[in-house]
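Please look over the structure shown below before reading on. The briefing that follows takes up its charged pairs, its disulfide, its nonpolar side chains and its backbone angles.

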Amino acid sequence: QVQLVESGGGLVQPGGSLRLSCAASGNIFSIYAMGWYRQAPGKQRELVATITSGISTNYADSVKGRFTISRDNAKNTVYLQMNSLKPEDTAVYYCNALWGKNSMTTLFNWGQGTQVTVSS
């Protein structure tokens, strides 16, 4: 199995910035894609951003131009730089990984989540 450990959440004022990190560890053959999702109270979990091993990225319209996803393949770590934060960005942020246990087995895992609160 793989463990995904998120960090970097917290309380920030509107207009502020945070950087989330998610490190994957375990018996990993390869990580094909990683992503960030978020879930606000009373709402469904939604896509924030994804990034493939080839560094192709995808963003939700609500965060384009404000958030940047990146990854360090050598460290099996994905980052989410969040700028110009708004109260509506408040949510628990989850990372995920599509990874290979070997060349024939592909698995998918979620992290435990990290709280981001944007409030004055």
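Aspartate 61 and lysine 64 are both exposed, and in this predicted model the two form a salt bridge whose closest N and O atoms are 3.2 Å apart.

**Salt bridges around aspartate 89**

- Aspartate 89 has a relative accessible area of 1% and is therefore buried, since the limit for that class is under 20%.
- One partner of aspartate 89 is arginine 66, and the side chains of the two meet in a salt bridge at 2.8 Å, N to O.
- Because aspartate 89 lies in the loop between S8 and S9 while arginine 66 lies in the loop between strand S6 (57-59) and S7, this pair ties together parts that are 23 residues apart in sequence.
- Arginine 66, at 10% relative accessibility, counts as buried.
- Salt bridges with shared partners join Arg38, Glu46, Arg66 and Asp89 into one network.
- Aspartate 89 also forms a salt bridge with arginine 38, where the closest N and O atoms are 2.9 Å apart.
- Arginine 38 belongs to strand S4 and aspartate 89 to the loop between S8 and S9, so the bridge ties together parts that are 51 residues apart in sequence.
- Both members of this pair, arginine 38 and aspartate 89, are buried.

**Disulfide**

- A search of the whole structure finds one disulfide, which joins cysteine 22 to cysteine 95 with an S to S distance of 1.9 Å.
- Since cysteine 22 lies in strand S3 (residues 18-26) and cysteine 95 in strand S9 (residues 91-102), the pair ties together parts that are 73 residues apart in sequence.
- Cysteine 22 counts as buried at 0% relative accessibility, and cysteine 95 is likewise buried, with a relative accessible area of 0%.

**Nonpolar core**

- The largest nonpolar core has 30 residues, of which Met34, Trp36, Leu80, Met82 and Tyr93 touch the most other members.
- At least two residues of this core come from each of strand S1 (2-7), S3, strand S4 (30-39), strand S5 (46-52), strand S7 (67-72), strand S8 (77-82), S9 and strand S11 (114-118).
- S9 gives the most to this core, supplying five residues.
- When residues up to four places away in sequence are not counted, the residues that tyrosine 93 touches include Trp36, Leu80 and Met82, and also Glu6, Arg38 and Thr114.

**Surface patch**

- Leu98, Phe108 and Trp110 make a nonpolar surface patch of about 280 Å².
- Tryptophan 110, a member of this patch, lies in strand S10 (residues 105-110) and is partly exposed, with a relative accessible area of 36%.

**Positive phi angles in loops**

- Asparagine 76, in the loop between S7 and S8, has a phi near 50°, which is a positive value in a residue other than glycine.
- At 23% relative accessibility, asparagine 76 counts as partly exposed.
- Serine 84, placed in the loop between S8 and S9, has a positive phi of about 50° although it is not a glycine.
- The relative accessible area of serine 84 is 41%, and the residue is partly exposed.

Definitions and conventions:
Residues are numbered from 1 along each chain as its sequence is written. This is a predicted model: local features need pLDDT of at least 70, side-chain atom pairs count only at pLDDT 80 or more; totals for chains, interfaces and linings use all residues. Side-chain values use heavy atoms; hydrogens and water are left out. Patches are made of residues with over 30% relative accessible area and no salt bridge: like charges are joined within 9 Å, nonpolar side chains (Val, Leu, Ile, Met, Phe, Trp, Tyr) within 5 Å. Accessible areas come from the Shrake-Rupley method with a 1.4 Å probe; for residues, only the protein chains shown count as cover. A salt bridge is a side-chain nitrogen of Lys or Arg within 4 Å of a carboxyl oxygen of Asp or Glu. Helices (H or I, at least four residues) and strands (E, at least two) are DSSP runs, numbered from the N terminus. Buried means under 20% relative accessible area, exposed over 50%, partly exposed in between (1.4 Å probe, protein chains only). A disulfide is a pair of cysteine sulfur atoms within 2.5 Å. A nonpolar core is a set of buried Ala, Val, Leu, Ile, Met, Phe, Trp, Tyr and Cys residues joined through side-chain atoms within 4.5 Å. Contact means heavy atoms within 4.5 Å.
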